[in-house]
Each structure stands twice: as C-alpha cells, then as structure tokens.
Amino acid sequence: MGDYILELKDVVKTFGGVQALKGVSFQLKPGEIHALMGENGAGKSTFIKVITGVHQPDSGTMLLEGEQVTFRSPLESARMGIAAIYQHVTAFPDLTVTENIFMGQEIKNKMGFYNWKLMNQKAKELIAPLSPTLDVRKPMSALSVAEQQLVEIAKALSRNARIMIMDEPTASLTNHECEELYRITENLRDQGVSIIFITHKFEDMYRLASRVTVFRDAEYIGCWDVDQITNHDLISKMVGRELNQMYPEKTAQIGQVVFEVEGISKEGYFKDVSFDVRQGEIVALTGLVGAGRTEVCQSIFGIMPPDTGSLKLNGQTIHVRSPKDAFRFGIGMLPEDRQIQGLINELPIYQNVTSAAMDKFQRYGIINVEQEKEAALGFCQKIQLKAESIQAPPSSLSGGNQQKVVFAKLLNCDLKVLILDEPTKGIDVGAKSSIYEIMNELASGGYAIIMVSSEMPEVLGMADRIVVMKAGRVTGTFDKGEATQEMILEASLRQKEAGA
Amino acid sequence: MNEKKKWKLTGFLVQWEMILIYLLLLINILLMLARPNLYFASGTITSIIQSGMDLCPLVLGMALVMMMGEIDVSCAANMIFCSMTTGLLMDRGVPAVVCVLAGIATGVLLGMFNGVLVGYVGMPSVIVTISNSLLYRGVVKIILDVNVLRNFPDFYTKLAWNQIAGIPLAMIIFLLMAAVFVVILQKTGFGRKLYIIGNNAVTAEYSGINVRKTKLAVYLIMGVMCGIASIFFVGRMGGGVSSTMGVGYEMNAIAICALGGISTSGGKGKMYGPIISTFIMAFLIYTLGLMGVDANAKKTLTGLVLLIAVLIPNINKDLFASVRRKFRKI
C-alpha cells in the first residue's frame, strides 16, 4: 500500500453515547488535492481532529507512508509534517504575523534572546510567494480573513508540512480571494504537499480537487474521481436522498411598495444607498464581502443609525434609532452570525423564540409561561423545527435548525419587513432548501424581504430583484429575469459611478 | 417535539438549590451534634439568623447585578454612604421619615452613577465599581473623619434585634423582600431580560432589548437595596456608624450569590440560591466562631467560599466526565 501518503482504516470515535465516526476510511495520495465533503455534522471536523491528534480514535488504524502511527496530541502530528488550517482561524489577534508564524519555534540568538530581525526576515520570505505585499509586522487583527489564512498556511510551511488539511478555507472569502487561494493551493500541490480540502462549495471541488470523498452521518459513503461524478449524484450522496429542486417555485403575489430606503449614508461604510421593497418581494443585496451590505442592513435595523438619508414605511418617514424602534415599526433582522447575534445558547428554545417580543405574554410585567410556550411551539411547528423539545437549548441543534429558531423569533414579532443577512451561511445543503421554503412562504405571507447574500446561485434562485453594491455604493439593480451571473459580477467589480 | 418536559424527582433533588438546602441542614446537624446544649438553648438559632441578616438586602440586589454578568463592588461603600446621609440629617433634627428616605435616595443616586458608567459609557463594571467604592468611602472618610454617628431612628435597632414569637423580625422582612425578588427574576419579563443579557448581550440588543436601560435599572435597584441595607446594618451595629465599618461586605454578598449558583459570568442560576446561601453563610460563620476559629480567619472563609463556588461548575463538568469514563471502562 505504498501508494498513499496517509491512509485511515475503519476509524471509530464516540463522544459520550454519540458516534461521531462510524468506521470511516480515507486515502490520500502524495501530491494530490483531495476534497472532503459532507453536510454539517457528517463527521468531517472530528475526522480532522483524529488525524491531527486532537482526538484519539477508539479503534481503527492510521498509516503515514505505510507505517502505523498514533498521535496523542497535535504537537506530535505537527512533528510528522501534518498541519491543519481551521475554518475559524486560531491565531493570536494581537500578536504580529511574525510572532504568529514562529509561535512555539522562536529563533533565539546566542544570548538566548529572541532574534526578531531574523524571524521577521524569514517570515517575509515565507509570506512573499503567497502575498508579496503583506507586512509581517502588522498584528493579525489588522488583516483580512483571507490574509490571516495565508499566515496560517505560511506557518504550516515553516514547519515543513507535507500534509495540509484545510477546513472550509473559502467559507468567508470573496470570489477574488478564492481565486487567490486556489492559485496558492495549486502551487503547494506542485511543490509536493498533499492537501485535504474540506468544503461546502462545489466550485472549490471542481476547481482544485482530483478526487472527492463524501461522509454522511459519520459514515464513509465513497470516494470518486472528480471528473467521474456529476453534481447531482454528489448532492444526493451527501444528502442521502434525491434533491429535486433547490429553490422553490415562487408563489408570492408582489404588491405595493412597503419599505423605501432613500439615499442613506454612513461615514466610512456606505454612501447614498437607495432601494425599495414591495410586499411579497425578495430583494437581494449582493456584492463582494466588504461592499457594505451588512452595514446597510444594520443601519436600517438601528444598530448603527445612518448619518443622512431617510427610511419610509408605507410612505411614512420613520426614524429608527435602535433595534427596539425597528421592531416597533415592524422591521426585523436575522443577523449574519447566529451564534453571536441571533441565539441565546443557554436558554431554552421557547425563550429564544419569544425573546424579541415578550410583551405579548406579559400581564403586569409577569410572563404567562404557558401561553408563551404554546405560541413558541406554534411557530416552531410552522417552520418545521426539528428539536427534541422546546425546553432544550439551541446549542443542541444543528446549524439549520438553529437558524430556524431565529426565524421563529422573527415570526413571533408582528413584522412587515424582514432583513435576512446571509440566511444560509454555514448551513448544509439539505437544510438550505428548507430555509428557502420558509423564505418563500414568508414572502407569500406578505412580508417584504431584504436578503443579503454572497452566494450567486442563491441570489439568482431566490431574489425578485437584485441590488448590487461595491465599496459602499449601489452599482446596479436588476430584475429577476434579466440578471445573469456575469452581470452581477460585473456590477460588483464596477468602478465608482453609481448605476441605475 | 413535545411541549412539556417530564418533571423528574431525581432531577429536582440534585439541582443546585436543593444541594444548598442539604448543605444548610448538614451544618445544622453538625452544630447540633457538636454543641447539643447550645443548639437547643432558646435564642441560639434566632441570634445566628440575626447575625446573618445585616447584609441580606445587598445579596438580593447583587443577584440581579451578577445575573446580567456585571458586578457591584461598591455596594458596601454605598451602604455606608446612605447610613451617613441618614445619620447626618438626624443630627440636624430632620424628621426621621425624611432622613430614612434621603438615605435610600442617596443609594439610588450612587447606584445611578454606577449604572450610567457601566450601561451608557460602557466601562467594565469591575473597574467602575472598584473605583467608585474607593470614591464613595473616601468621601465618607473625609466627612466623618473619626466621628461616629449615633443618632438613628429607633426602629433600626428593633429591626435588627427584635423578634416576633421567636422569629427574627429581620428575617421576616428579608423573606418578604426575597419573595419580591424571586418574582422579579423568575417571573417577570424584566427578569427574563437579565437572563438574556447575561447570556448574550449582543443577541439581546438584536432582539430589541434596551441593554443600556436595563443595566441602569438594575444598578438603580442595587442602589435602593444599598439604602435598605443601611437600615439593617446600622441596626445590627447598635445604631451607630463610622467610616471604617462594613468593609468587605460587598465580597460577602458576592460570595453568597456565587455560592447560591449565580454564575459570575452571568445568565445562570436562580434567585432561590442566594436566599438559601444567606442562611448558610450565617450558620457557617457562627459555627466556626463556636469552634474557636479566630475572627480574622473567618474572612479567609469568605474568600474560600467564593473561590470554591466559582470553581464548582468547572469541577463538576470534569468530575462527571471522568466518572463516566471510568464506568465505561468497567
């Protein structure tokens, strides 16, 4: 079996009573890019942690270049040339790039002091092929997510990694940054590094990988050459069932203009942004990451009120100075980061659902818990939340179901306008389509929906109208029929002059 | 998905508040066995409870503050400041009712200062309240110097030392106030907001909760409780107050809340815990006194209790995990 640089056989890992890996196998050829795909919770992350020695498998074997190895800690696997670059970059934000790269392997001079000059120089040499302009003396926190990943890669290279594991590196990158990452990844491969590339995006896989392994429900489903499997087959392997249609047929009747944004500006974020949303309509706000879409939504929602410009609801000018105001006017927001902004992970689901409109269940300030639970249960059933009980905390749910909890929270408020900021971020394929169903139903129910999304297929599949932003300005507005991927991309890269 | 979680006896019996009750009983039994004559002597239990009531209003306020994930280290200084206001006005012959209300109003004002700095300016509450603790007590020291205020309404000492049918008056008042606080924290929308803010203040903001206002409100309540605590405290001290009194009371209050299961990082625990813990602390300190433990060593106890209370949740997790691992091996 000398064909493989890394081989795992029948690896089993259990946590408590839960089987996180049910006897999975995996083979990595030297110098290949191998995509690992599967829904969230399929066991990919656990699998990586087993390879790097964070977790020890209960049974099964791991062969590194044909020899059986066991790693008791990430330190041991690092010594053998295995490096992992995690989805959430694990760097020290306040330390410089150099300090991060040489963390734990600092170069000392004869006196035993750190030789920063030499380290800075070496760091520069490591980073240069990846990003020639990056200043290694900058703190990590001053870098973009993409740049931080490059630093992680440089760090891995500094440790002579032969096997590199990348856990969803493209999840928070713009298209342009993805291209850059593809190029670097290919370079690494050409230098003989074997790469395991975990991803949710099919573009990544087609672009880079020669082979793809699919996990589902902690089991090994199979391994194929990328050019021998169709997109459709791959999805059904990942989901375990046929997925006929990703985007539901639009059923909503589009009515009157409900909500108008007129020339709002916020110094340093966006300038002169205008658009409107009609009843039953889904308007997508798209563009590259950093174009100011989220900031526009936060302004509308009162998190950071705009400097100038006005908002109109049903023709009346409204002043939204806080989220509380926004809810009062009937504007609700599903925030981008549900863990930090959307959920209260320690409190039961029903309390999460009612948290944005508790007044409904209060009399003289006292909460009527029975009434509250009943209402919460109703909303949870309406959106088909899969949970053991509404008493359970959201932390016990999958990403898709957690997102549904946030949706239920918005349903509990009497809203007219819904702002959905990246509603399917970090959600697996199966759950995505059910989120789309919910959005469609909400539109049919008369909500005016503003959706921020970076995913082109999602924008084209769901939106009735598409507003494209670039560097804080609106650079294009398209109707559903006329928009193509190229037009949107062109608008999101277009220079200055505000369009349409 | 079912609406109701089944009520389980085992679950009820091992929840933290019940463990606190066992602890209270255990201390009582130990005391009973060690000094049966004393324990059953009339008045012993009463005086133990009375000894622990002087800071009880602070505990109630602190529970709300800590539930939000904040802290108030200035409450003892605030309490002394309130006592001083009342005492100085009494010296000038102002009617007692006005003096008492002015004392409480002082507490509200100083609490508001904390609340504005924490809620609206956004400073960390530890720093704000440590600074303000020095500030408040400093002002008291400047004004009072080494003088002792002795002129307080009669009901102060009555409240602290009298009893109705063997039940300490202070405890009755404490339990009445405690009942109100249980309702506030466990039953009202306001209480729910504290849980939400303590768990995730950002989500709270995104859910349309006015986090700043809520924080200010809690510090105002804490201020009221400091004012009320001044009544309990001055009464307990026999109707006199000097600038050096009540040092370290804030730490006792924090320790009691932590022992009561209110997480120091916020969002966890129930109001019952600190209420039971107030009694535990009273019995614990009294028992140690009987065993001849030095008065200074008792301060060490507060520190230990606080440490252990904060440690327990962490230990618990590891302990349960390791026990489970061992069982699986067998």
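# A walk through chains A and B

Setting aside residues up to four places away in sequence, Ala63(B) touches Phe181(B), Cys257(B), Ile262(B), Met271(B) and Pro274(B). The model in which these contacts are found is a predicted one. Ala63(B) also belongs to the largest nonpolar core, which has 177 residues. Within that core, the members that touch the most others are Ile419(A), Ile449(A), Leu58(B) and Ala63(B). Helix H13 of chain B, residues 211–236, provides the largest share of this core, 14 residues. Another core lies apart from it and holds 62 residues, including Leu28(A), Val50(A), Ala209(A) and Val212(A).

Domain 1 covers residues 6–239 of chain A, and domain 2 covers residues 257–493. Between the C-alpha centres of these two domains of chain A there are 33 Å. Where the domains meet, domain 1 of chain A contributes 8 residues and domain 2 of chain A contributes 7 residues. On the domain 1 side, helix H8 of chain A (residues 231–239) gives the most, with 3 residues. The side of domain 1 of chain A that touches domain 2 of chain A consists of 3 nonpolar, 4 polar and 1 charged residues.

The next stop is a sheet in chain A. This open sheet is formed by 4 strands of chain A in the order S12-S11-S14-S15, with antiparallel pairing. Strands S12 (270–278) and S15 of chain A are at the edges and have a single partner strand each, so one side of each has no neighbour in the sheet. On average, neighbouring strands of the sheet are turned by 25 degrees against each other, direction ignored. Helix H9 of chain A, residues 293–300, packs on the sheet and touches S11, S12 and S14 of chain A. The direction of helix H9 makes about 115 degrees with that of S11(A).

Inside the sheet, strand S11 (residues 257–266) and strand S14 (residues 308–313) of chain A pair in the antiparallel sense over 5 bridges. Opposite Phe259(A) stands Leu313(A) in S14(A), and opposite Glu260(A) stands Lys312(A), also in S14(A). S14(A) is in turn joined by 3 bridges to strand S15 of chain A (residues 316–318), and these two strands run antiparallel. Leu313(A) has Gln316(A) as its bridge partner in S15(A). The hairpin of S14(A) and S15(A) has 2 residues between the strands, and in this hairpin Asn314(A) takes a positive phi near 50 degrees.

Chain A also makes contact with chain B. This contact takes 30 residues from chain A and 22 residues from chain B. On the side of chain A that touches chain B, at least two residues each come from helix H10 (323–329), helix H11 (338–342), strand S18 (366–367) and helix H13 (369–382) of chain A. By class, that side of chain A has 16 nonpolar, 9 polar and 5 charged residues.

The last stop is a loop of chain B. Met291(B) is found between helix H15 (272–290) and helix H16 (295–329) of chain B, in the loop that links them. Met291(B) has 11 other C-beta atoms within 10 Å, so Met291(B) is exposed. Met291(B) and Arg35(B) are 256 residues apart in sequence, while their C-alpha atoms are 9.7 Å apart in space.

Methods:
Residues numbered from 1 in each chain as written. Chains lettered and ligands numbered in written order. Predicted model: local features only at pLDDT ≥ 70, side-chain atom pairs only at ≥ 80, totals over all residues. Pairing = 2+ DSSP bridges. Contact = placed C-beta atoms within 7 Å. Nonpolar A, V, L, I, M, F, W, Y, C, P; charged D, E, K, R; others polar. Buried ≥ 20, exposed ≤ 12 C-beta atoms within 10 Å, placed from the backbone. Domains from an automatic or database assignment. Core = buried A, V, L, I, M, F, W, Y, C linked by C-beta atoms within 7 Å. Axes fitted to C-alpha atoms, helices over the stretch in contact; angles between N-to-C directions.
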